[in-house]
Every structure is written in structure tokens, then in C-alpha cells.
Amino acid sequence: MKIKLFTLTVLALVIVMGMIMPQAVRANDAKKGAAIYAQNCAACHGADGKGSIPGAPDFTAKNGVLKSPDNILIERITNGFQTSGSPMAMPPKGGNASLTAQDISDVLAYIRQRFGGRPQTPGAASKREWLRLLR
């Protein structure tokens, strides 16, 4: 009887938490990321990912920036970044303050799919950190 009561209590808590907790971040969508890349990134990074202005990284380089873990790339996209020796920095969110955490995840999924680079998923702590940065 105690086991049934415990099981029902846990089940009830799971249901209640599911109703009051925010929805989980949906899976990354490279197709949506392609549209975001075209609108926000391609002007500097190039449609071919090779960089169209001085200092923009070559996404196709074998040992390039896409070797970095996702949490580092998300932080750089979110906060902006200036490569050493680059004449200018990438602005936060590529200059589009309206980009959401999901938009950034989608564009990174597209970049990895299109230009290579092994995806490295951040752990739960890293996801919480980059979501905090976007608020």
C-alpha cells in the first residue's frame, strides 16, 4: 500500500511539474537555422562559410572555429566576439537583438550541418548558462 501511495505521489508531482515548468527547448532545427543564417550571418561569414570580410572565421577550415564546443560558440554568438588580429568584432547576436536562444541553437545546427564540425552538445549547466545570457 505504501509503494502504491508513493508511486501515485511521484506521478502526481511529475504531472504538476510538467504543467507549471516552462516547456523544454525544442530540438535544434537546421532548416530554420539556414534562414536565420542567410538573414543575419551570411553578409560577414559568407554564403559559403569561408568569411567574406577580414577577421570572419572560415567555417570550412578543418581545424577551425567549429572544433569548439557548442557552449563556447553559443556564448560568442550571444555576446559577440573579436578574433585576435581581427579589425572588428562580431556584435552580440550578429547585430540582431531579437534573436532568441532557440534561433541561436538553430543557426548553430545549420552551420555545423552545412560547413562541418562535429556537434558538441553542452551539458545542462551550460544550457542554463547560455539561456541566462539571453535574458
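The structure described here is a predicted model, in which local features need pLDDT of at least 70 and side-chain atom pairs count only at pLDDT 80 or more, whereas totals for chains, interfaces and linings use all residues. Residues are numbered from 1 along each chain as its sequence is written, and side-chain values use heavy atoms, with hydrogens and water left out.

The protein chain contains six helices and zero strands, and from the N terminus on its elements run α-α-α-α-α-α. Helices (H or I, at least four residues) and strands (E, at least two) are taken as DSSP runs and are numbered from the N terminus. Of the 135 residues in the chain, 28% are buried, where buried means under 20% relative accessible area, exposed means over 50%, and partly exposed lies in between (1.4 Å probe, protein chains only). Among the contacts in the chain with a separation of 6 or more, 58% are accounted for by residues 24 or more positions apart, a contact being defined by heavy atoms within 4.5 Å.

Two packed helices are described by the angle between their axes and the distance between the axes. The axes are lines fitted to C-alpha atoms, for helices over the stretch in contact, and the angles run from 0 to 180 degrees between N-to-C directions. Helix H4 (residues 70-79) packs with helix H5 (residues 101-115) at an angle of about 120 degrees, and their axes are 10 Å apart; H4 and H5 are therefore oblique to each other. The crossing of H4 and H5 is right-handed, a crossing being left-handed if the near helix is turned anticlockwise from the far one by less than a right angle, and right-handed if clockwise. In this contact, Asp70, Leu73, Ile74, Ile77 and Thr78 of H4 meet Ile104, Leu108 and Arg112 of H5. By class, the contact of H4 with H5 has five nonpolar, one polar and two charged residues, with Ala, Val, Leu, Ile, Met, Phe, Trp, Tyr, Cys and Pro counted as nonpolar, Asp, Glu, Lys and Arg as charged, and the others, Gly among them, as polar.

Helix H2 (residues 30-40) also packs with H5, at an angle of about 95 degrees and with the axes 7 Å apart, and H2 and H5 are therefore roughly perpendicular to each other. On the H2 side the contact is made by Ala30, Lys32, Gly33, Ala34, Ile36 and Tyr37, and on the H5 side by Asp103, Asp106, Val107, Ala109, Tyr110, Ile111, Gln113 and Phe115. The residues of the contact of H2 with H5 divide into nine nonpolar, two polar and three charged.

The largest nonpolar core has 17 residues, of which Tyr37, Phe59, Leu66, Val107, Tyr110, Ile111 and Phe115 touch the most other members. Such a core is a set of buried Ala, Val, Leu, Ile, Met, Phe, Trp, Tyr and Cys residues joined through side-chain atoms within 4.5 Å. H2, H4 and H5 each supply at least two residues of this core, and H5 gives the most, with six residues. When residues up to four places away in sequence are not counted, Phe59 touches Tyr37, His45, Gly49, Val65, Leu66, Ile111 and Phe115. His45, which is placed in helix H3, is buried, with a relative accessible area of 11%.

Several loop residues complete the description. Ala27, in the loop between helix H1 (2-20) and H2, is exposed, with a relative accessible area of 62%, and, not counting residues up to four places away in sequence, Ala27 touches Gln102 and Asp106. The C-alpha atoms of Ala27 and Ser105 are separated by 8.7 Å, although these residues are 78 residues apart along the chain. Ser68, in the loop between helix H3 (42-45) and H4, counts as buried at 17% relative accessibility. In the loop between H4 and H5, Lys93 is buried, with a relative accessible area of 13%, and has a phi near 55 degrees, a positive value in a residue other than glycine. Gly94, found in the loop between H4 and H5, is partly exposed, with a relative accessible area of 31%.

How values were computed
Parallel < 35°, antiparallel > 145°, perpendicular 65-115°, else oblique.
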